[in-house]
Amino acid sequence: MTVVKVNSKERFSETEIGPHHERFFASQEPADDPTIYKQIIFKCAKCGHEIEFNEKNFMKHSHSEYSNLNDEDKKSIDGYLKEESLVGYSFLDFYCSECKRPVSIFYKDGYGGKHGDYICSLDFVLEIELLKSLAT
Ligand SMILES: [Zn+2]
């Protein structure tokens, strides 16, 4: 089993969340509506499956120890973090619903800006390569 670190920009359509000052059309006034958020699409590099996230997913897992991975996979991820001295990140992990690849997203978040908006920066992704032995 090998843990691979990937820049979040290689997996996500958006890596910076908030504050909300979006315009959907050039003719519109900039919207300043906290209910509007960007689509954050994760694309699995192995099978191409796309998973949509929203900021609530990241808010929920902020500074949480909750993991969706099994013990073995979680240990591999934690081992990698320790080796690389990667500390201070929140994480959100899951298995790709299509190919079951274990993925863990690491991010930093908080509140800021003029209106105390939720701000989140997706930093990197750890993926576990399941190396199949050719020998049988
Ligand atoms: Zn997949």
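This briefing walks through the fold, the core, the strand pairings and a few individual residues of the chain above.

The model is predicted, so local features are reported only at pLDDT of at least 70 and side-chain atom pairs only at pLDDT 80 or more, while totals for chains, interfaces and linings use all residues. Residues are numbered from 1 along each chain as its sequence is written. The secondary structure comes to two helices and seven strands, where helices (H or I, at least four residues) and strands (E, at least two) are DSSP runs numbered from the N terminus. Reading from the N terminus, the order is β-β-β-β-α-α-β-β-β.

**Burial and contacts overall**

- Of the 136 residues of the chain, 18% count as buried. A residue is called buried if 20 or more other C-beta atoms lie within 10 Å of its own, exposed if 12 or fewer, and partly exposed in between, with C-beta atoms placed from the backbone.
- Among contacts between residues at least 6 apart in sequence, 59% join residues at least 24 apart. Two residues are in contact if their C-beta atoms, placed from the backbone, lie within 7 Å.

**The largest nonpolar core**

- The largest nonpolar core has 15 residues, and F58, I105, F106, Y107 and C120 touch the most other members. Such a core is a set of buried Ala, Val, Leu, Ile, Met, Phe, Trp, Tyr and Cys residues joined through C-beta atoms within 7 Å.
- Strand 5, strand 6 (102–112) and strand 7 (117–129) each supply at least two residues of this core, and strand 7 gives the most, with five.
- As general background, nonpolar side chains tend to be buried together in soluble globular proteins.
- Beyond its neighbours within four places in sequence, I105 is in contact with S8, F91, L92, L122 and V125.

**Strand pairings**

- Strand 5 and strand 6 run antiparallel and are joined by six bridges; strands count as paired if DSSP finds at least two bridges between them.
- Within this pairing, D93 stands opposite S104 in strand 6.
- The hairpin of strand 5 and strand 6 has six residues between the strands, and K100 takes a positive phi near 65 degrees there.
- Strand 1 and strand 7 are also antiparallel, again with six bridges, and T2 has E129 in strand 7 as its bridge partner.
- How many of the six residues of strand 1 (residues 2–7) are buried? The count is zero, and the strand is hardly covered.

**V103 in strand 6**

- V103 lies in strand 6 and is buried, because 24 other C-beta atoms lie within 10 Å.
- Leaving aside neighbours within four places in sequence, V103 is in contact with D93, F94, C96, V125 and E127.
- V103 and N68 are 35 residues apart in sequence, with their C-alpha atoms 9.8 Å apart.

**Helix 2 and S76**

- Helix 2 has 13 residues and reaches 18 Å from its first C-alpha to its last, close to the 18 Å expected at 1.5 Å a residue. The expected span is 1.5 Å times one less than the number of residues.
- S76 sits in helix 2. Is S76 buried or partly exposed? S76 counts as partly exposed, because it has 18 C-beta neighbours inside 10 Å.
- Outside four places in sequence, the contacts of S76 are M1, V3 and I128. S76 and I128 are 52 residues apart in sequence and 8.1 Å apart in space, C-alpha to C-alpha.

**Loop residues and positive phi**

- H63 is not a glycine, yet has a positive phi of about 55 degrees. H63 is found in the loop between helix 1 (55–61) and helix 2 (71–83), and counts as exposed because it has 9 C-beta neighbours inside 10 Å.
- G88 is in the loop between helix 2 and strand 5 and is exposed, because it has 7 C-beta neighbours inside 10 Å. The C-alpha atoms of G88 and F106, 18 residues apart along the chain, are separated by 9.4 Å.
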